[in-house]
Amino acid sequence: MAVLVVVAAAACGTEPPRFIPGGPTAGPTSPAAVEGTASPAPAAGAGTWSDPAAVGKPYGDKVTGLLAFRGNPTRTYYGTGPVPRTTPRTLWQFPRSGGLCAKSSDAKGERTWCGSGWTGQPAVFERQDRTWVVFGAYDRAVHFLDARTGERILPDFPTGDIIKGSVTVDPDGFPLVYTGSRDNFFRVLAIDRGKPTELWRLSATAVSPTKWNNDWDSNAIVIDDYLFEGGENSQFHVVKLNRRYGRDGKVTVAPKVVFHAPGWDAQLLRDIGDENVSIEGSVAVYGDTVYFANSGGLVQGWDISGLKQGRAPKRVFRFWTGDDTDATVVIDETGALYVGAQYERGTARSAQVGQMMKLDPKRRDPLVWKAADRGTRPAGVWGTPALYKDIVIFDTNGGDVLGLDRATGAQRWRFHLPPTTWQSPVVVDDVLLIGDCQGFMHAYDVSDTSATPKPLWTLKIGGCVESTPAVWKGTLYFGTRAGAFHAIGAS
Ligand SMILES: [Ca+2]
Ligand SMILES: [Ca+2]
Ligand SMILES: [Ca+2]
């Protein structure tokens, strides 16, 4: 099947992108009505959307914080210390009593969901002399809290269903937060007014064809006024945001879907024999290539080098993991990909390529090494791996936590926690932080990557810890399935 490419209004005989009007401030603004900062122009001679030298570093230098799931476009930044070396305490919890709960329906029917889960990592950032913590939760709302006190800075922003993924904070300093929801919309919210205000929303049915579902769990990446996002509608979207400030000084956007492409192809549909090809993991960007995976296990790379000049992205990488790949692709300084896959369908391909793999897109056979996790189905990897020194750290559905040699894939160490472990491992200050499903957060010294991690402390929080913590100035921020959101730090 030919890959569907729709650029701007060039419909290629298919349904063109459709635009969904947002709140009262949405929509195109005439140039006469615009003043203040325009969208940043691409750097002269820019050929690199995501500088390889920024692997492991913060998401740009304009906003201080942990601005997206796994912190930056290569998904390799986890926050700042000093991380407590001895048992920390709960600094605050939100809400003070009760839980963040709401009903939601999926293939298993309607259930009450509480707190936050996979992936659920909050954003933490500095703005106007305060540290903000922003996250979506299972109470169907996005929360904007003061990191020091746990009090609301802004009222909650309600959506029509629970929120599973992480928000993205605008890395260029526009007062904007980007969030998905299970209610079938991906939103751009302004945070420079008395309450968070929707400026635009993208429906899961705005583009076609779509497959499988309509939730938005994936975390968006914003670079140079372009937003990259995958949906459970199984499509990859590129949106030109057109961020500006209006005459009243308030931020505006005039987004346009400038490109979209299916996360699947005909070969994948033949190989998996079903249509579950939703994109639930997040996009990752290295150099001029955007990578993403889907629930059919297709990992794709798209060259975006000509995007700013109006040239359509081109597919330059294709790899099949054999099964549902919801973990986000992580990219190292050389451009190699670390990809964790689930083991549910039981394909021969899953046995061939393993459940954690290192891929080098420059090689004809990209598979550098593989590690297996195929016990009783379901098995494999849901959390997104962490790169630390010369090892890659990941966890499995069955509760194993492993450190593998990044060069060879050889196992350096392994330990076990009460399953399921779906949290993405976090390493800050040589300390590995990982939660378990009996409600404990654990800290280990991993500074000697050849030695079994040394336990530093364990703290009972209560409720399955499935969400990935944000670590900022040594404080851990995360929710649990018991219903509340916690700040944990030194006294
Ligand atoms: Ca939905
Ligand atoms: Ca989902
Ligand atoms: Ca999936």
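Buried here means under 20% relative accessible area. With that cut-off in hand, here's a look at a predicted model, starting with its aromatic residues.

Phe485 comes in at 2%, so this residue counts as buried. Phe135 is buried too, with a relative accessible area of 2%. These two rings form a stacked pair, and they link distant parts of the chain: Phe135 sits in strand β8 (residues 130-136) and Phe485 in strand β41 (residues 485-489), 350 residues apart. Both belong to one aromatic cluster that also takes in Trp92 and Tyr477.

The structure has 17 aromatic pairs, and another of them joins Trp49 and Tyr226, this time edge-to-face. Trp49 comes from the loop between β2 (34-35) and β3 (65-66) while Tyr226 belongs to strand β16, so the contact ties together parts 177 residues apart in sequence. Trp49 is buried at 8%, and Tyr226 is buried at 9%.

Here's the geometry of the two pairs:

| Pair | Centre to centre | Between the planes |
|---|---|---|
| Phe135 and Phe485 | 3.8 Å | 5° |
| Trp49 and Tyr226 | 5.4 Å | 75° |

Now for the metal. Which residues are the protein donors of the calcium ion (ligand 2)? They're Asp217 (OD), Glu232 (OE) and Glu280 (OE), at 2.1 to 2.2 Å from the ion. Their sequence spacing reads D-x14-E-x47-E. Asp217 is in the loop between β14 (197-203) and β15 (221-223), and Glu232 is in the loop between β16 (226-230) and β17 (235-240), so this pair ties together parts 15 residues apart in sequence. Asp217 and Glu232 are both buried.

How values were computed. Residues are numbered from 1 along each chain as its sequence is written. Chains are lettered from A and ligands numbered from 1 in the order in which they are written. This is a predicted model: local features need pLDDT of at least 70, side-chain atom pairs count only at pLDDT 80 or more; totals for chains, interfaces and linings use all residues. Side-chain values use heavy atoms; hydrogens and water are left out. Donors are N, O and S atoms within 2.8 Å of the metal (3.2 Å for Na, K and Ca); water is not among the atoms, so sites may look incomplete. Helices (H or I, at least four residues) and strands (E, at least two) are DSSP runs, numbered from the N terminus. Buried means under 20% relative accessible area, exposed over 50%, partly exposed in between (1.4 Å probe, protein chains only). Rings of Phe, Tyr and Trp (its six-membered ring) pair if their centres lie within 6.5 Å; planes under 30 degrees apart count as stacked, over 60 as edge-to-face and the rest as tilted.
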